[in-house]
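Biologist: I am new to this structure and would like to learn how to read it. Could you walk me through some of its features?

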Amino acid sequence: MKSLRSQLTAALGICICALLVAGGLGTFLVTREVLQEQFDDTLVAKATALITATEIDDEEFEIDLTVQDFAGFGSGGEDYFEIRRGDGSLMVSSPSLTLPGRALVPGFAVPADGKARMVSGFLTDGRPARFYVQRFVPKDDEKREYQDLWLIVAGPMRGMLDSLWVLGSVIAGMSALVLLLTVPLLRVVLAQGLRPVESLSRQVREIPVTHLERRLDLSGQPEELVPLGSSLNEWLGRMEASFERERRFSSHAAHELRTPLAELRMIAELGATWQDQATPERCGEIVKVADELEALLDKLSLLARADAGSQPVEFTAVEMPMTIAVVLERLSGAAAAKNLTIQQQIAPGLIHTDPVLWTTILQNLLGNAVSYSPAGSVISLMASPDTLVISNPAPDLNVRDVDKLFERFWRKSPSHRDEAHSGLGLSIIRACVGLLGGTVEATLDEDRIFQVEIRWARA
Amino acid sequence: MRLLLIEDAQRLSATLCQALTRMGHAVDAAENGEDGEWMARRNDYDVIVLDRMLPGKDGLAVLRDLRRDNFLTPVLLLTALDATEEKVRGLTEGADDYLAKPFALAELVARLEALARRQHGQADSRRSVGPLEIDTSRKTVIREGKEIVLTAREFSLLELLARRPGQVFSREQIEARLYSEADGPLSNAVDAAVYALRRKLCPPGTPPLIATRRGLGYVLDLT
């Protein structure tokens, strides 16, 4: 597994190494450039001094020996010069060149453009050197016999190169030492810096699946990690809510399915054990439970088809007021028994929808409203081609319940006394509305008026 | 056994009451947590059958409150929630047993009898009381190798008296054990049941096993 600390150590080590190499190389090159420039300046200054020290005296070319010796061109000196005529023939050379084994490059070619120049090269003994070539005219050449003279000054670079080698060695050594110390130091510093990350990671690891209500303690965490921790806490909250929904679904589903089965079994056992209990009434109860289970199965099948996208949807023009009237007629008995008033505002005309899903929505919505409205209350129904809004008093509901209303099998009371409702109604409505391309929203106002509003997408 | 069934599913509650009553148990039924708890506190039951998910006060809340107030009556949780954590939760809240729906009547009754036996300090379903060999599980009574056929209510009466031979049980105590609140027995129902049981247990010529303590009640006298 990749380690953040190792990766950061390696990356930072490589960066520092690259910086050290670049810095060292830069320092070395700049130093070499500066030293060479100084070297060249010195060589040019010596050449200038030599030129200044030349003159024509009695038609003879002379050079001031004091200057020559002072500039290091005397016997035993480390610098050299030659003065050549324009045809390349040697006229004068420095005393330092008279020593055995020392000579400037023979056959030196006079620059064709006649301009002064500085070049690198090697002395005849193989030592690297800088060569400065300049054309000059000695003083007092009144007869103009020495107008085409060339001064070649050479200075060996050994000293400068030795200095550069020492500098390079020092830079390389220091860089290596810094690198050696950097790796362990980086590991220590990164370990310290990553401690809050490890703390956060440990907290996450220590949260068991069974305790999703726990949250990460972000006090004392660096500000860079607080957003991450906050996001993790939000994620935990969503996980907790999701697990809680799943748990509620499982328990409610078990309740809705197992209780009728227990009833069936108990009725059957009663009849099987005591013959006098095997009555037509008992058999009727079995049929009733089976009918309820069948209705539940139909609802679950519809939801499963909607989830799987296999519920057929066939849009057609449906007479809206008539379909609502049919559903209201079916519920009229139950509404009358509770003395409910249903206020209707139904726009005339057609609605483009799937008749099966549309009727399912109406039956569930109005059925819920009739079942759960207190006796003597008023149910409001507004329908138009764009919206369907049904509201009714719901004194038992609270705001917290509204979020759970669309959960499958959720009921305000876990009781199984009300066999007509399984807690699937609103989830079926949402699934049907979704299939028809609409949206559904449930709200509960301060007066405990519960409202379901469906908006259809415009074609 | 005197049982309390707290179950909101009306059909299940009604059929279960019917079955248990036919087996000779006195069963009171409650449809919600509040009523059930009130009855549990008011009457002395051998076992309480408690649904987990109830309207109003939840089954676990009823159980918690009963245990908090030191009500030791065994409680069997009857529920649709069969997940292990739900069982563990129910048992840790104070339930003595847990049965998931749907269930077999025979299993429920066996569990109720086992709980009742433990409640009365009896390890085995078979026990010898004087000349009688009583099997509370098979509902049989044998005297001198011969089985005595008893009705469910007669067997319940014998079971009660045999729990503590020599102890006098008042008419009220017997009535509370044999009849549910819905039964509304006649004033001489206990006397009639004792008379019938006494006649079956002791053939003519043998000393009576059930003695009457005038003004006090009845006792299983083995002396």
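Predicted model: local features only at pLDDT ≥ 70, side-chain atom pairs only at ≥ 80, totals over all residues.

Biologist: Let's begin with chain B. How many helices and strands does chain B have?

Modeller: Chain B has 8 helices and 11 strands. Then look at burial: of the 223 residues in chain B, 54% are buried. The accessible surface of chain B is about 10000 Å², with 49% of that belonging to carbon and sulfur atoms.

Biologist: And what share of the contacts in chain B with a separation of 6 or more comes from residues 24 or more positions apart?

Modeller: That share is 58%. Asp46(B) and Arg163(B) form one, with their closest N and O atoms 3.6 Å apart. This pair links distant parts of the chain, 117 residues apart: Asp46(B) sits in the loop between helix H2 (33-42) and strand S3 (47-51), while Arg163(B) belongs to helix H6 (residues 152-163) of chain B.

Biologist: Are Asp46(B) and Arg163(B) buried or exposed?

Modeller: Both of them are buried.

Biologist: What else does Arg68(B) meet in a salt bridge?

Modeller: Arg68(B) also meets Asp69(B), at 3.4 Å from N to O. Asp69(B) is partly exposed, with 34% relative accessibility. Salt bridges that share partners join Asp65(B), Arg68(B) and Asp69(B) with Glu37(B), Arg41(B) and Lys57(B) into one network.

Biologist: Now for the two chains together. How many residues does each chain bring to the contact?

Modeller: For an interface, I would look at who takes part, then at the area, then at the individual pairs. Chain A brings 29 residues and chain B brings 27. Together they bury about 2500 Å², and carbon and sulfur atoms give 61% of that area.

Biologist: How many salt bridges and polar contacts lie between chain A and chain B?

Modeller: There are 3 salt bridges across this interface, and 7 residue pairs are in polar contact. One of the salt bridges joins Glu292(A) to Arg11(B), whose closest N and O atoms are 2.6 Å apart. On the chain A side, helix H5 (226-273) and helix H6 (280-308) each supply at least two of the residues that touch chain B. H5(A) gives the most, with 15 residues.

Biologist: Last, the surface. Which residues of chain A form a nonpolar patch?

Modeller: With a patch, find its members and then check one of them. Trp165(A), Val166(A), Val170(A), Met174(A), Leu177(A), Leu181(A) and Leu185(A) form it, with about 750 Å² of accessible area together. Take Leu185(A), which lies in helix H3 (residues 158-193) of chain A. Leu185(A) is exposed because its relative accessible area is 54%, over the 50% cut-off.

Technical notes: Residues numbered from 1 in each chain as written. Chains lettered and ligands numbered in written order. Heavy atoms only, no water. Patch = residues over 30% accessible without salt bridge, like charges linked within 9 Å, V, L, I, M, F, W, Y side chains within 5 Å. Areas by Shrake-Rupley, 256 points an atom, 1.4 Å probe, with all protein chains shown as cover. Salt bridge = Lys/Arg side-chain N within 4 Å of Asp/Glu carboxyl O. Helix = DSSP H or I, 4+ residues; strand = E, 2+ residues; numbered from the N terminus. Buried < 20%, exposed > 50% of the residue type's maximum accessible area, 1.4 Å probe, protein only. Contact = heavy atoms within 4.5 Å. Buried area = accessible area lost by both parts, 1.4 Å probe. Polar contact = N/O pair within 3.5 Å; in protein donor to acceptor, adjacent residues only side chain to side chain.
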